[in-house]
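Work through these exercises with the structure open beside you. Try each task before you read its solution.

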Amino acid sequence: MNLKRIFILACFDLRHSLFRLKGLVFLIPFLFFWYLNLKFLYERGGQALSSPESIVILSWLYNPEIAQILLILYPPVLSVFLIMVLASTPVFAMLSGNDQLASDSGRQTFRFLLTRCTRSEIFAGRFLSHYLLISLSTLLMAVLATAVSLQNDAHSTTAIINYAGQVSLLVLIYILPFVAYMSVISALMSSALSALLMSASVYIILIILGNYLEHKSGVTIELLPGGLKEYLFDINPHDLYIGVGGLLAFTCIYFCIGWLVFRKRNI
Amino acid sequence: MTAIIECRNLTRTFGSIRALDNLDFSIPAQASVGLVGPNGAGKTTLFAMLCGFLHPSKGSITVMGHKPDSARLKGRIGILPQDIPLMRGISAHAQLILFARLQGFNKTTARQEIERIIQLVNIGNLVKQFPETLSHGQRKRISLAQALIGNPGLILLDEPTSGLDPVVANDVRSIIQKLRHEHSLIISSHNLDEIKNVCDEIIIIDKGKLVRHSRIDDLIERNNTLTILLEQPAEEPLLQSLKALPSIIKIVTDDTNPYRLTVIFQDDKPDQVQFKILGLLQQSGVGIVEFNRGSAFTDRVVELVSKH
């Protein structure tokens, strides 16, 4: 595998995604979503987020201990930002990653690339470009959220900056398995729209299946990386390692399945 | 001479359909080869396998000594695929630069190489546009341009002139004529005149099977056959006179086209035989529309395919 060619492919795809439908389908809702939420955090952040009402609402979503850690111990604006990223990443990954491979495979455009680079380089290049698209966009929002936090939260600047770094790192890791999940779906399908619909359908089926298996066996069974997000909130390092390890494991599994599908596919 | 392509028992199936069936042939380096066959014969499938787009169901295929999808072949094969679109929403120039960069050119040399290709294929006025805004013929010229980036050792052209207007088709033929002296070339086409003028060898396939692989000169028996198209049907006295000429072995008439004669002869000096036949036709007052050395290429190909 030639790393230079992967980098060339990823940069080309990333640069042109910004001005093409496949990039705009993701960027327009993403920017709109974060404009509304960052505006809300700017206007209502700080003390309002640390109020007992907010802690009760978050306790209902997760548990009281996590709610108190996120809204009192840590800067609440960044904590709410993290919660929103973790909740919205599956949707935005589907919007950004549906055309990783699908339409170019279906239209056979990859044939122009295949005489110049290997399938593995195309696969890795497209994975990288879509990961960069969603992660760089989210990091940009993290910078804005940090600025809002510095403005509104009562914590020290050092504490906010440190927590912002931790949140950014978690976000970067959390996005990985979703981009890999989309590479599996996109390698299977022949158009961006079909990949988008298929990814949403499979995701919902896996959620239902996971809940059913959990109900039947009484044991927590995570079929999707989204199930690991509670581990990421915890201040207990052991749980954090489990969460990060689980996300990386999901990434490896999805990436390998995606590659196996794409390797055998007639393109 | 070493083989640039070797196929051994090459078979490709799509479900129950055998697109290629035990193909066995090799092509020497620096050859220009025409790939001919009716629609659905397996030509495009063979091209796709030569480039590694499709994998064989059975048998083997090597290109320049490597498997078609080998990393060592990257950038060494240029292909003009049949009716495959370039990426939408990205200018042709940007895509050509990408292809050059992937072939190992740096930013500066990639621009220089693309400038050379633009001059060669004469697409200076097209490259700044998006592919979806170009006509079929214009897109084909851009596709031809990308196949020539970096002077690849082997160039595969799938129907290079189909859908082109006569002027552009002629330009493309001129480019191909130039290429044949510098590259190994395989051309798939239904235009048999094009194949005859450009290629040294021909591979005829039908229903996925090899019908014939030979030199074009051998196929049309250029050294002992003449094909004559007359202004009027040949009368019996004229045929008898022709048969009576020295060195003439056989006169073949075509029931479906009484204006056409095929003359088979055996002589060390074929030019002399031609002059004698021309003289006889002049004496008989029969006008000539066409006079070709060798049997009619199209007829030979059709004959081989229909006998198959």
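**Exercise 1. List the residues through which α2(A) and α8(A) meet, then sort them by class.**

Solution. The model is predicted, so treat each position as computed.
- Step 1. Start with α2(A). Its contact residues are A:Gly23, A:Phe26, A:Phe30, A:Trp34, A:Leu38, A:Leu41 and A:Tyr42.
- Step 2. Cross to α8(A). There the partners are A:Leu133, A:Ser137, A:Met141, A:Leu144, A:Ala145, A:Val148 and A:Asn152.
- Step 3. Sort them. The contact of α2(A) with α8(A) has 11 nonpolar residues, three polar and no charged.

**Exercise 2. Decide how α2(A) and α8(A) are oriented to each other.**

Solution. 
- Step 1. Two packed helices are described by the angle between their axes and the distance between the axes.
- Step 2. Read them off. Helix α2 (residues 21–44) and helix α8 (residues 119–152) of chain A pack at about 10 degrees. Their axes are 11 Å apart.
- Step 3. Apply the cut-off. Angles under 35 degrees count as roughly parallel.
- Step 4. Conclude. α2(A) and α8(A) are therefore roughly parallel to each other.

**Exercise 3. Check the span of α2(A), then find its buried residues and their packing partners.**

Solution. 
- Step 1. Work out the expected span. The rule is 1.5 Å times one less than the number of residues. For the 24 residues of α2(A), that gives 34 Å.
- Step 2. Compare. The end C-alpha atoms of α2(A) are 34 Å apart, which agrees.
- Step 3. Find the buried residues. In α2(A) they are A:Lys22, A:Gly23, A:Phe26, A:Phe30, A:Trp34 and A:Leu41.
- Step 4. Name the partners. The buried residues of α2(A) pack against α1 (3–17), α5 (76–97), α8 and α10 (192–217) of chain A.

**Exercise 4. Describe the contact between chain A and chain B.**

Solution. 
- Step 1. Count each side. Chain B gives 23 residues and chain A gives 18.
- Step 2. Locate the elements on the chain B side. β5 (77–80) and α2 (92–102) of chain B each supply at least two residues. α2(B) gives the most, with four residues.
- Step 3. Sort the chain B side. It has 15 nonpolar, six polar and two charged residues.

**Exercise 5. Which domains does the assignment give for chain B, and how do domain 1 and domain 2 touch?**

Solution. 
- Step 1. List them. The domain assignment gives domain 1 (1–76 + 152–217), domain 2 (85–151) and domain 3 (221–307).
- Step 2. The C-alpha centres of domain 1 and domain 2 of chain B are 23 Å apart.
- Step 3. Count the contact. Domain 1 of chain B gives 11 residues and domain 2 of chain B gives 13.
- Step 4. Look at the domain 1 side. Helix α5 (residues 166–179) of chain B gives the most, with four residues. By class, this side has seven nonpolar, two polar and two charged residues.

Key:
Residues numbered from 1 in each chain as written. Chains lettered and ligands numbered in written order. Predicted model: local features only at pLDDT ≥ 70, side-chain atom pairs only at ≥ 80, totals over all residues. Axes fitted to C-alpha atoms, helices over the stretch in contact; angles between N-to-C directions. Parallel < 35°, antiparallel > 145°, perpendicular 65-115°, else oblique. Contact = placed C-beta atoms within 7 Å. Nonpolar A, V, L, I, M, F, W, Y, C, P; charged D, E, K, R; others polar. Domains from an automatic or database assignment. Buried ≥ 20, exposed ≤ 12 C-beta atoms within 10 Å, placed from the backbone.
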